Amino acid sequence: MPASESTLTTGQHIWEHALHRARLGVWDWNLVTGECTYSDTWFEMLGYARGDLEQDSELWLRITHPDDRDRALESGNRHLAGETDAIETELRLRHKRGHWVWVLDRGGIIERNAAGEPTRMVGVQTDISSLKNVERALEQVNRSYDLVLEASVTGMWSYDLASGVSHWDDRTRQMFGMPALPAPLEAKIWHSFLHPEDKENAEAAHALKPEGDTPSAIRYRIVLKDGSIRHMETRTIFVPDPGTPGSILGTIRDVSEEVWAADALNMEKEKLRVTLSSISDAVLSTDTGGVITFVNPAAARLIGRPQSQLIGLSLSQVRITQTQVPLSAVFGTQTGTQTADVVRADLDDFSVRWTASAIRAADGTHLGSVYTFQDVTEQQKQQKALSFAANHDALTGLLNRSAFDAKLREHIAQADVQPITVIYIDLDYFKGLNDFAGHAAGDMALQTIGAALRDGLPQDTIVARLGGDEFAIILDTGDFDAADAIAANLLRAIQNADLGISTAHRNLGASIGVALIHDSQTAPADALAFADDACYRAKSSGRNQYAFFSRLGETATSGLTAARIVADIADARAEGRLQLYGQELRFIRDPWVCSGHIEVLARMRTRSGQMISPAEFIPAAERFGMAAPLDRWIIQTALQRHGHTMQFRGGLSLAFNLSAQTLSDPALWETIDQVITDHRVYRGNVVFEITETAAFTNFEAAERFVRAARASGCRVSLDDFGTGLSSFEYLRRFPVDTIKIDGSFIQNLTTQQFDREIVAAISTIAHNMGYDVVAEKIESPQDLNILSEMGVRFGQGFLMHRPEPLDQLIDREFAGQLQGIAQTR
């Protein structure tokens, strides 16, 4: 074996031996792939063998004590957020035998990517159970010691009859406000502290005779140097000593608090008597036979009879006027202290709340009961209103998010016996409705749709508004066909909901996700995420439809597909798997000749070479906030590679699609403007395509961008025209250059007169307004003829050109053409 390999093996053995001896467990988490590996010593520390547990990033969390999870997660999240230099936390992990092992978890980020984002974390977990046991034992000892010190409130003293000298311990000296010194004291010192009114009795009690062997006890007052008065209790006994007059031994205790407490108790008794006569709560007491012995004025008023008439009656003979129910029935026969509400079925607007407490002697003998009760009718009404408000959405009256989560947990717990269906609803274009018609119209729409959802489902169905324009439903069925029918009905109910005459849009659509849950071990958050994932699939597939996450009998995916795709986007860019494609726009009258106009597209491949559909990774990027960085990368990369061919009028023209998320970036135009300037691109060769959906989502941001881009000389194209709620309204608000007619109108152009009329109308209006018109998804020569007759100038579709790598397209079709143009300048 080569020396280097021998050294490596020896070093590895030493580390493994050291980890084993130190009982250290090592974990290694790849943040990009989500893979997490654990050392053999980590498994040994917890009594497992490698292979007993499935290794992933959440293995440690699954065996973490519930009380420690939030703290452990917070430590990791704060480190990932850059708030701490490292992870350091104590937590408990479940041993294979079932007990908990305390570990100290330390670790941190060891690798980052080029963007500075963390990609790998490593940590060490140390068994600190022994240390925790020692800490608990020491804590118990300290607690016992503290209790002994607190309980030791007695001082010791002695008085030698022969010498007349006293000895006081430190606690006695402390009681008299004297320093803790070992020196003896003269008897007159004690006498000097005695209260003048108690001096004679105290001195007499301490004058013990030798023949007495019974301890004496006395209480007296002393006056401290600061003038404060304390109450003392002394117990003394004569201690004979052969050959001497003997001595007196005593204990002393400060009983000031006891005396004051007794005085206060007597005062409180008097206050209680006065208070019970004046408080608004009704109070009465009974003997062991249930005969009333005391009634305060409030009780008499609530019962409706004078106090004098109530004393001596039994509870069965007394009725509350409003209920006509005997007090014996209201209070019942409960022992101890009970609290309850009494509401008459025939008088549901009146409620009495009462408390019954047993009166017992010091030996536990039952002496009777005391009852307090009050009219809580209004309070009950308010509590019901508050309870409803705490669990329901104030606008729609449906359950709110917290109440829905609780119901979802309850239903999933029974999913093994009663499978359920979770439905997630996201209204389409709701923000645009708010922008155009106002928030009052938006609120009315939510109320109308909420009522439509509730009315279209069985009475006991769980329906909730999660927030904004998102709703969720729980159905007590796991049958696919039943769920499919209900989802279709819900979609129709939303589409047909009348939003009111005050709005410009009488109807809305929705994207609906459906998840069938048959496993009671499914986490509630995962169940909702499954339905949410299906909802996003419905939205990315064109909106106004529903999609299933899983069907009965199928294995549900983890719901992380979109997240994994997004996590792979950055790597795909670095590894060249994210590629720029281009599709030409051609002249309708000359469709087989290059026009110099290209729409820039993005395509992404997996590491195995499989192409990921844009319908998957584009919605995923939008869902997880990656759409704006992706759009900026496409623009920057295209202009960096081909900007030299766009530096003159008539040069290559590139069109870029902008998502709603990208348009919402307030720094978007400044960033793009700088890129165009850096590459000296002729601005008329840059086109930005904005869909009606993107504009509708954030109309104000889209309007600002469009005006800034056109003011600089760039061109703007309104994409997918005709599919939105107010397509022509955008022409009033947006100063665009080009209208791209949505392909859904072109695909049936030869067979549907309605589509032909729509395209003709759009073309006529566009020409009159000075806009260019582009027809999308042209797939037949017949389409070309019809469009040409309508005066549509540009076309785009597989008939004329299929998307291909942008570099390849420009090198093949435009290199010579652009070179010729450049030479003529």
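The model is predicted: local features need pLDDT of at least 70, side-chain atom pairs count only at pLDDT 80 or more, and totals for chains, interfaces and linings use all residues. Residues are numbered from 1 along each chain as its sequence is written, and side-chain values use heavy atoms, with hydrogens and water left out.

**Whole protein**
- The protein has 31 helices and 31 strands. Both are DSSP runs, numbered from the N terminus: helices are H or I with at least four residues, strands are E with at least two.
- Of the 825 residues, 42% are buried. Buried means under 20% relative accessible area, exposed means over 50%, and partly exposed lies in between (1.4 Å probe, protein chains only).
- The accessible surface is about 42900 Å², and carbon and sulfur atoms hold 51% of that area. Areas come from the Shrake-Rupley method with a 1.4 Å probe; for residues, only the protein chains shown count as cover.
- Among contacts with a separation of 6 or more, 56% join residues 24 or more positions apart. Contact means heavy atoms within 4.5 Å.

**Cysteines**
- The disulfide count is zero. A disulfide is a pair of cysteine sulfur atoms within 2.5 Å.
- Cysteine 535 is buried because its relative accessible area is 2%.
- Cysteine 594 is also buried, at 17%.

**Aspartate 426**
- Aspartate 426 sits in strand β17 (residues 420-428).
- Its relative accessibility is 11%, so aspartate 426 counts as buried.
- Beyond its neighbours within four places in sequence, aspartate 426 contacts Asp469, Glu470, Ala510, Ser511, Cys535 and Lys539.

**Surface sites**
- Met156, Val239 and Leu249 make a nonpolar surface patch of about 210 Å². Patch residues have over 30% relative accessible area and no salt bridge; like charges are joined within 9 Å, nonpolar side chains (Val, Leu, Ile, Met, Phe, Trp, Tyr) within 5 Å. A salt bridge is a side-chain nitrogen of Lys or Arg within 4 Å of a carboxyl oxygen of Asp or Glu.
- Leucine 249 lies in strand β11 (residues 247-254) and is partly exposed at 36%.
- Histidine 644 is in the loop between α21 (627-642) and β25 (653-658). At 51% relative accessibility, histidine 644 counts as exposed.
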